[in-house]
Protein chains: 2
Amino acid sequence: MTLDARKKNVLMAIVQDYIATAEPVGSRTIARKYKLGVSSATIRNEMADLEEMGYIEQPHTSAGRVPSDQGYRYYVDHLMKREEFNSKEAKLVLNGYLTKKREVGHVLRNAGQLLSQITNYTGVVMTSGLGGGRFKHIQLVHMGGRQSMVIMVTDAGAVHHQIIDIPESIQAVDLETISSVLNHKLQGKTIENIRLTLIQEIYFELAKQKHILDMAMDVIQEGLSLETGEKIYLGSIFNILNQPEFHNIEKVKVLLSLLENEHELANIMTDVFQEEGVTVRIGEEMEDGRLKDYSLVMGTYHMEGKPVGRIGLLGPTRMDYSRAFAVVEYMTDNISLVIERLMRWRGK
Amino acid sequence: MTLDARKKNVLMAIVQDYIATAEPVGSRTIARKYKLGVSSATIRNEMADLEEMGYIEQPHTSAGRVPSDQGYRYYVDHLMKREEFNSKEAKLVLNGYLTKKREVGHVLRNAGQLLSQITNYTGVVMTSGLGGGRFKHIQLVHMGGRQSMVIMVTDAGAVHHQIIDIPESIQAVDLETISSVLNHKLQGKTIENIRLTLIQEIYFELAKQKHILDMAMDVIQEGLSLETGEKIYLGSIFNILNQPEFHNIEKVKVLLSLLENEHELANIMTDVFQEEGVTVRIGEEMEDGRLKDYSLVMGTYHMEGKPVGRIGLLGPTRMDYSRAFAVVEYMTDNISLVIERLMRWRGK
DNA sequence: TGTTAGCACTCAATATAGGAGAGTGCTAAC
DNA sequence: GTTAGCACTCTCCTATATTGAGTGCTAACA
């Protein structure tokens, strides 16, 4: 299914013009604006061919042509020029978030916002790899009365805490003992590393506090497990409403119903987690039918070479892929950098 | 500016009908549906009076009447029957959130969602009082390399943490020392309670670690200060789009531009923090011009008798005030209860 | 054989006009 | 003070042209 040079040019012209104007583009427009050296009649013939091959479609008989999902796909894979995005401001902003509050969550949340602002699409930032770290520290703090707070830190810098009930009889000293035993035994362990025998050992040593131990272990387990810490930060939804396709409310509703459900969104984004570099899912390539008019450009950011999360740009299928790719690439690189800097305690 | 009984009835009929139908209501409709014992002509006269007094207005000459902000205000203050909201499911849901993950933030986030779901308006939950607690515990955890994590817990159960740089020379023991000195000296202190002399004492005792101390004190200061922990949880925005007034996108945009800015939203809600019970701001009563077509029904939730946050329902001015009041009242009561239960360690 | 000019045809979008209907304000009678 | 009646206003809906962009097809041309 290969296209000759002129068909490529025509398709490229259609995609680019439609991206720029959001209007179906006709043969005359192409002949005038994009000097292909042929008349509109010839272009009409080419367009008829392209339509038959499924790259473009007609909203109705007397309208121009609009790229189909397949057309966009061909454009992205074969025709699009990869541009570079480089913005000093964006870099400053990102680093600003870093220095103001040295927390990953804060950086990611604002990265999502930034994505939305600079593109007018909706930025999505997902973190999935911050769970699954190694045990670093646990602390049971007596809150008075019959409650205590369990605080656990992983070496990835994630903090998990939970309030638990404790028997009246427990003293601060007992909590201290539990903390120190756990700290000693579990130091540096990952979730897979914690052997059953080790747990038995701990339970044996702290036999009297089985009840508290149960709850503390729950917190540890959850804190170290891979799924924990999966979190989605949405950029501004406002910006995408500036796109002309959002003139009717139903589309907005559909989009919101999806965006407000973190879980579904995460599913869609993890769908292609394994792929490297910037990738895109166009319209019906995504399983969720609600997204048939949208495209999602995604990239993966890393920490010490390992993928720890993804960012995405959600826009109409008629989005500026060239720019979107550049921005996503730029942002993944910079988020990786910033996180790396934030967490550079190991090694060095 | 008092109204006679019949005018009250007419106004009430107009407000209720408009709330129910979202259509301007005419004299005939009132005469037919609300048996006031007079003809439509008489009602027309009354309506003319009400319009002159500013309680109702006409979208255009040959349309029915619509309540003005002032009309809604009169309705809410003098005419509205206060109903009760009582939903076993809502209570179950709320308690469910509590038992699954015993954290205030989790409860509040879901309370916001719940508000949106049961009313089809947008629920807003604000917490402002969870900062400003008493110092409970601090822990400096060595993360390896040149970084350490400061974790502070307040007696209100809030956990604050931040990663700080430390000199290479510092040992885990040193961090332990700092932690224990701070824990000892600051136990139970509020932000106002920490005297300068006390700080000097601490700095004297830990003279060698001034640098780390500075950063730890920052965390403490921020954790205990009143503004910290001010946070907004938004319910679903999706639901409010079901209201007929949202047929045009511009309104949605305006709303989103406001909702996406936590800071502005917080300002609007704290505007009336001092008032007790359920209150409402109608349309132009709010300073922000963008809200001129909206009303915000608000209530305060408490912890140990002290106000610690607010919830709000944002809907069109044409909202069902009676129900909104009932729901807000119900939710504040139940959130207070749930939080109380979550934090019932002191006293008892 | 590929390209182009020309032309009839299609169809959305826009404008125009004509009711229909809901509602009002006013007047006069009760 | 209340009401019936009526002329008037204005939106909304529908039907009908009109316009214009764009196509597909055909026939002529290089």
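This is a predicted model: local features need pLDDT of at least 70, side-chain atom pairs count only at pLDDT 80 or more; totals for chains, interfaces and linings use all residues.
Local features need pLDDT of at least 70 and side-chain atom pairs count only at pLDDT 80 or more, while totals for chains, interfaces and linings use all residues; side-chain values use heavy atoms, without hydrogens and water. Residues are numbered from 1 along each chain as its sequence is written, and chains are lettered from A and ligands numbered from 1 in the order in which they are written.

Q: Why is Gly309(B) called buried?
A: Buried means under 20% relative accessible area, with exposed over 50% and partly exposed in between (1.4 Å probe, protein chains only). Gly309(B) has 0% relative accessibility, so it counts as buried. Gly309(B) belongs to strand β10 (residues 306-316) of chain B. Its C-alpha is 7.7 Å from that of Val125(B), a residue 184 positions away in sequence.

Q: What share of the 348 residues of chain A counts as buried?
A: By that criterion, 53% of them do.

Q: How is the radius of gyration of chain A set against that of a compact globule?
A: The radius is taken over C-alpha atoms, and the globule rule is 2.2 Å times the number of residues to the power 0.38. For 348 residues the rule gives a value near 20 Å, but chain A has 26 Å. Along the principal axes, the C-alpha atoms of chain A fill a box of roughly 90 × 40 × 35 Å.

Q: What makes up the helix and strand count of chain A?
A: Helices (H or I, at least four residues) and strands (E, at least two) are DSSP runs, numbered from the N terminus. Chain A has 12 helices and 10 strands.

Q: What is noted about phi of Ala22(A)?
A: Phi is positive, about 65°, although Ala22(A) is not a glycine. Ala22(A) sits in the loop between α1 (5-21) and α2 (27-33) of chain A. For Ala22(B), phi is near 65°.
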